[in-house]
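Subject: Structure handover

Dear colleague,

Here is the structure for your files. My notes on it follow below.

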Amino acid sequence: MTGAPEPISEAGRSTLERELADLRIERDAVAATLRGGEDVGDRADQADELQRADQLDRLDDRITEVEGRLREAAAAGAPKTESVGVGSTVTLRFADADEMTVRIGELAEELDPELVTADSPLGKVLLGRRAGETVEYDAPGGRTTALVLSIGDGEAT
């Protein structure tokens with residue numbers, strides 16, 4: 001990542017928005033179980049209360065993180081199409097002549113065979129590349145190459 005606000009694909013934004021909604025529901029449920037200043041029973045009750053308070057802090061931290069990432073994505077605007085970045089859709093031709101279109105994302109999404117995370121070996125070498133450039137990277141089957149055929153706006157077909 002560049003340190004500048006990074007765009008995010010619509011699928012990535014939807015994933016974060018769903019996570020944020022789930023976090024808020026979980027936070028509300030945990031907060032409702034805290035006694036808030038009342039005397040807590042025995043040591044086991046006190047330990048349980050502390051554990052829930054710690055859980056609430058972790059949830060608050062993650063909510064802040066997700067909200068910040070969504071604000072950053074909004075400030076960054078649409079993914080670039082002149083070079084590969086987070087949120088880009090990239091069509092590649094591999095050394096064996098197979099072609100594949102992938103989305104570059106920062107979050108792994110379940111059951112999405114078109115997603116390549118930006119911190120994966122392929123994702124790392126693609127960031128900043130332009131159409132027509134060839135990349136080389138370590139794949140599970142060994143070192144391989146891929147030609148960047150085109151870069152889109154984050155909506156793979």
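Helices (H or I, at least four residues) and strands (E, at least two) are DSSP runs, numbered from the N terminus. This is a predicted model, in which local features need pLDDT of at least 70 and side-chain atom pairs count only at pLDDT 80 or more, while totals for chains, interfaces and linings use all residues. Residues are numbered from 1 along each chain as its sequence is written, and side-chain values use heavy atoms, with hydrogens and water left out.

Overall layout

The chain has three helices and five strands, in the sequence pattern α-α-β-β-β-α-β-β. Of its 157 residues, 34% are buried (under 20% relative accessible area, with exposed meaning over 50% and partly exposed in between; 1.4 Å probe, protein chains only). Contact here means heavy atoms within 4.5 Å. Among contacts between residues at least 6 apart in sequence, 54% join residues at least 24 apart.

The helix pair

Helix α1 covers residues 10–33 and helix α2 residues 43–76; their axes come within 9 Å and cross at roughly 155 degrees. The axes are lines fitted to C-alpha atoms, for helices over the stretch in contact, and angles run from 0 to 180 degrees between N-to-C directions. The crossing of α1 and α2 is left-handed, which is to say that the near helix is turned anticlockwise from the far one by less than a right angle (clockwise would be right-handed). By class, the contact of α1 with α2 has twelve nonpolar, two polar and twelve charged residues. Ala, Val, Leu, Ile, Met, Phe, Trp, Tyr, Cys and Pro count as nonpolar, Asp, Glu, Lys and Arg as charged, and the others, Gly among them, as polar.

R52 is in helix α2 and is buried, at 14% relative accessible area. Leaving aside neighbours within four places in sequence, R52 contacts V30, T33 and L34. G12, in helix α1, is buried at 6%.

The five strands form an open, mixed sheet in the order β3-β2-β1-β5-β4; two strands pair if DSSP finds at least two bridges between them. β3 (115–117) and β4 (134–139) are the edge strands, each with a single partner, so one side of each has no neighbour in the sheet. On average, neighbouring strands are turned by 45 degrees against each other, direction ignored.

β1 (residues 89–94) and β5 (residues 142–152) are antiparallel and share six bridges, with V90 partnered by I151 of β5. β1 and β2 also run antiparallel, joined by five bridges; T89 stands opposite R103 in β2. β2 and β3 run parallel, with three bridges, and the bridge partner of R103 in β3 is L115.

The hairpin turn

β1 and β2 form a hairpin with four residues between them. A97 lies in the loop between β1 and β2 (99–105) and is exposed, at 53% relative accessible area. Most residues other than glycine have a negative phi. A97 has a positive phi of about 80 degrees although it is not a glycine.

Regards
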